[in-house]
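This report concerns the arrangement of strands and helices in a single protein model. The sequence and coordinates are shown below.

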Amino acid sequence: MLLSGKRVVVFSKVSPALCFHVHAVDGYARACTVHLPENRRIPTPMFMPVGTKGTIKSLTPMEIYEEIQCPIILANTYHLALQPGTELIRDQGGLHKFMGLKPNTTTTTNNNINDDNSKRNTAILTDSGGFQMVSLLKLAEITEEGVTFDSPYDDDDDDDDDGNDDDGNEKKSNKRMLLRPEDSIVHQNNIGADIIMALDDVVSSVTVDDDRYRLATHRTLRWLDRCFQAHAKPDTQNLFAIVQGGLDTKLGGLREQCLAGFRLRDGHIPGYAIGGLAGGESKDDFWKVVHQCCQALPDDKPRYLMGVGYPLDLVICTALGVDMYYCVYPMRTVRFSVALTENGGNFLRLKAHTYLTDYRIINDHFPCQAC
């Protein structure tokens, strides 16, 4: 039991690795705190930057926990499993230590860790590898057992490799990776993230195939049960379920069917994610799904919207009741010298000729290094 301000932080038998406090509500929007082991605290609403392979490109770990004081980042299970391998990360003491963050000593195999630097107390969330069924669909074969990927990396892949052979032809790797629900959980247990995701069957939101959506929705529930069975560290790592069901928000539709299945399993689920969106569907369809899910999901557990990072979407979905987000958009955008402004939809292409002799700072209200 811990004290957080005037609130008591209690990790119960039902939720041994997460305590969730709702501090204020305005309409559907809410301000909350997600409490995790190792005294990690995540205030919400919270946008999580993406560190695919355990690093946020262009930022050092020190900048993550000292400059931007980021309480949580996201890492990618699929890519970490390929390179450098989750067994290596496990043997190094888990991804926290691998990244130079304060280790999650409850999940590491290294008993000699002695680190009291609370500034490095950044939490980690890992995805399950499910999104790669969409982003790498051409390399994927999906069955009830799991998904088999052809590796996007060449066997001798390195930083100087352009992806072609000596004759200029595209190289194809002989490596194949079978990712079953059980495999995804083993990888995430090895990584030692504070929040891990169940492997779901993800279908692009612009797919026109009702049968495929129906199969994916019910398979997501079956795979969730397999993830529960495989999860070796429920006392220290929180396994979130992911709502699927395409854009079907009608009464008794696929989203409702998935949500009904989760209600039967709610005692095993410390938090929920909303998946299968931000793939090119209309904003109206997107927001309808978010609203339906937020209304149906429990009020006493965090709600996490996957793959969403556009400023307008963050504002509207927070108003609908979402607590957590992640997306590659902000970090990928800024790496190409584009600055997002406080006006939300506006951005500055800093390499444009217009700004060649414009010596003004980007925004004199921001305390970041660029300003």
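How many bridges join strand β8 to strand β12, and do these strands run parallel or antiparallel? In this predicted model, two bridges link β8, residues 123-127, with β12, residues 195-197, and the two strands run parallel. Within this pair, T126 of β8 is positioned opposite I196 of β12.

Both strands belong to an open sheet of eight strands, whose order is β6-β16-β15-β14-β13-β12-β8-β7 and whose pairing is parallel. The edges of the sheet are formed by β6 (46-48) and β7 (72-76), each of which pairs on one side only. On average, neighbouring strands of the sheet are turned by 25° against each other, direction ignored. In general, the strands of a sheet pair through backbone hydrogen bonds, in either a parallel or an antiparallel manner.

| Helix pair | Residues | Axis separation | Crossing angle |
|---|---|---|---|
| α6 and α7 | 181-191 and 210-230 | within 8 Å | roughly 45° |
| α8 and α9 | 254-264 and 283-296 | 11 Å | about 25° |

The contact brings P181, E182, I185 and N189 of α6 against W223, R226, C227 and A230 of α7. By class, this contact comprises five nonpolar residues, one polar residue and two charged residues.

For α8 and α9, the angle is about 25°. Angles under 35 degrees count as roughly parallel, and α8 and α9 are therefore described as roughly parallel to each other. The crossing of α8 with α9 is right-handed. On the α8 side, R255, E256, L259 and R263 take part, and they meet V289, Q292, C293 and A296 of α9. The residues of this contact divide into four nonpolar, one polar and three charged.

Electrostatic pairing is the last topic. The structure contains 18 salt bridges. One of them joins the side chains of R40 and D194, with an N to O distance of 3.0 Å. R40 is located in strand β5 (residues 40-44) and D194 in the loop between α6 and β12, so this pair ties together parts that lie 154 residues apart in sequence.

Terms used:
Residues are numbered from 1 along each chain as its sequence is written. This is a predicted model: local features need pLDDT of at least 70, side-chain atom pairs count only at pLDDT 80 or more; totals for chains, interfaces and linings use all residues. Side-chain values use heavy atoms; hydrogens and water are left out. Two strands pair if DSSP finds at least two bridges between them. Helices (H or I, at least four residues) and strands (E, at least two) are DSSP runs, numbered from the N terminus. Axes are lines fitted to C-alpha atoms, for helices over the stretch in contact, and angles run from 0 to 180 degrees between N-to-C directions. Contact means heavy atoms within 4.5 Å. Ala, Val, Leu, Ile, Met, Phe, Trp, Tyr, Cys and Pro count as nonpolar, Asp, Glu, Lys and Arg as charged, and the others, Gly among them, as polar. A salt bridge is a side-chain nitrogen of Lys or Arg within 4 Å of a carboxyl oxygen of Asp or Glu. Angles under 35 degrees count as roughly parallel, over 145 as roughly antiparallel, 65 to 115 as roughly perpendicular and the rest as oblique. A crossing is left-handed if the near helix is turned anticlockwise from the far one by less than a right angle, and right-handed if clockwise.
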